[in-house]
Amino acid sequence: MSTSTAAMAAAPGGLHLVGRRLPRAVFPAIGAGAVAATVVLYVLAPITSRIQFVLIAGALYLIGQTVASIAVEGSRRATDRGVTTLVYLAFLLAVIPLVAVLASVISKGAQRVDVNFLTHSMRNIGARDAGGGIYHALIGTLEQIALASLLAVPFSLLVAIYLVEYGRGRISRTISFFVDVLTGLPSVIAGLFILAFYILALEQKPTGFAGALALTILMIPVVVRSAEEMLKLVPNDLREASYALGVSRWRTIVKVVLPTALPGIVTGVMLAVARVAGETAPLLLTIFGTDSINFNPFSGPQSALPLYIYSQAGQPQQVAIDRAWGAALTLIVLVMLLNAAARLIARLARVR
Amino acid sequence: MATRIDVSGLTAYYGKFRAVSDIHFSIEPKSVTAFIGPSGCGKSTVLRTLNRMHEVLPAARVEGRVLLDGEDLYGPGVDPVNVRRAVGMVFQRPNPFPTMSIYDNVVAGLKLNGTRKKSLLDERAEESLRGANLWEEVKDRLGRPGAGLSGGQQQRLCIARAIAVEPQVLLMDEPCSALDPISTLAIEDLITKLKSSYTIVIVTHNMQQAARVSDTTAFFTLDRTGDPGRLVEMDRTEKIFSNPTEKRTEEYITGRFG
């Protein structure tokens, strides 16, 4: 086989099926050359930035690879290699901040997170005291997210079902437009709205529930959009199969369409939860914040993790800043756990 | 149990487009009727008007009368949901519900319409799967997903699902076009067997299949692209395939046109 292809490539006027390729070892060599050239540049010119070093070395590598590839392999393969390299570079650039954020939160927060930190509030903790914890904020966040989800998810699902299954013409286009507008709503505006409408106009006290209302406004467009996309993906065949069995439209939606779209809907809900779990601005205006434990979201001020981070990180003492990092790590882990739990539930609901 | 169908003056539209025009025919109880004809001639559309599935598509509407044992499906106050319980349908592509097990797929029509009794569901599931010649192949894995079966098995599962609600009439829209010859044979045997209890209407592109399974054959065609489809002739299958009255039918069957 290999001899015959070699013979074919060698044959004069043959098909030239085997093109010339750069040997694998060339690429590390080009990389080493690029780094060496950059080092020389740094010695000769007065540049010191480490970020620039990476960028210059990367650009030199790209140039060297392209030149070598054009010379040996031709322009098509050179383009291919160039674009491949760019894609990898873009991937690295996108991942670096993600990893950096995670790494710094873990390294600065992990030492502070312990059982004591998770089970105590800030009540009677002085400005310079090292103790205290996030229990009150954890309770507040969990209750507010739960309430907001309870309000937003059924409502949003019904809107999405209307848009996909029933909506025709102008009404559905109008709703769609306003959902899009709501998606771009700055979160502080949601807080201001609840402050102006619920707390000031309806004369309610700031409570965890007021915060949950603000978060609901932020969750609705995200859940509606994702659920709508997922419902659209359900093949029409299944709806017709169900109709042909003499099943009514509503039962078809509840028993056939929604279960089929469920995994995607769960993902959308989790994205929305993750988004609102980190919101600070709307809570600042609606839940007031407290250092004490308040289990009741319907009465009295509550705290929340993002609000806690905001207030602790704004203080000059190192003990407060450490607490903020600890709370940040807890918040990230909390969202990850919620996400994992939701995916597990969605998976268990599936037939195997 | 089986039912006759009388269609008169049937015209079906998709929005402004007239898909079929002024169709008249009758179908005898406990018979197999095949609809044949070139693509776009409206045979699937006519089939879908027989259980009011045509109107599921946006802007689609129907004029004329479809009588099921003398009762007009398009009469005032008729609930399409009830019509579809009496007239079941099997589609071109097998479409088991992906979130349901084999068992749940078969009894889906019963369960979604409110039957809860486990003993009745079990009995119906076995009966329908046996009826669809699928019981022996799946009886040990009723809890597995229906989408995990082969294409031919999935199609028989869909037939089992359709007969589990005990309809009077079974409509089949090219049920074998996505299947290999062995699965096709299994479905054809099944059609012959089901004939004893159901009135069956089948749309097919395969003329040998029409000749093999049907008692009556209806030939549809359209004169030009964009024109509505029409029924050219309908007669006993032997006659259509040996000595058709219309020249168009003979040309189509012998492959000189369409």
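Q: Leaving aside its neighbours within four places in sequence, which residues is T216(A) in contact with?
A: T216(A) is in contact with A148(A), L151(A) and A152(A), contact meaning heavy atoms within 4.5 Å. A quick note: this is a predicted model, where local features need pLDDT of at least 70, side-chain atom pairs count only at pLDDT 80 or more, and totals for chains, interfaces and linings use all residues. Residues are numbered from 1 along each chain as its sequence is written, chains are lettered from A and ligands numbered from 1 in the order in which they are written, and side-chain values use heavy atoms, leaving out hydrogens and water.

Q: Why is T216(A) called buried?
A: Buried means under 20% relative accessible area, with a 1.4 Å probe and protein chains only. T216(A) has 9%, so buried is the word for it.

Q: What makes L93(A) count as exposed?
A: Exposed starts over 50% relative accessible area. L93(A) comes in at 57%, so it counts as exposed.

Q: Which strands of chain B stand at the edges, and why?
A: The open sheet runs β2-β1-β4-β5 in chain B, with antiparallel pairing. There, β2 (17-27) and β5 (71-72) each have a single partner strand, so one side of each lacks a neighbour in the sheet.

Q: How do you know that β1 and β4 of chain B pair?
A: Two strands pair if DSSP finds at least two bridges between them. Strand β1 (residues 5-14) and strand β4 (residues 60-68) of chain B have eight bridges, in the antiparallel sense. In β4(B), L68(B) is the residue opposite I5(B).

Methods
Helices (H or I, at least four residues) and strands (E, at least two) are DSSP runs, numbered from the N terminus.
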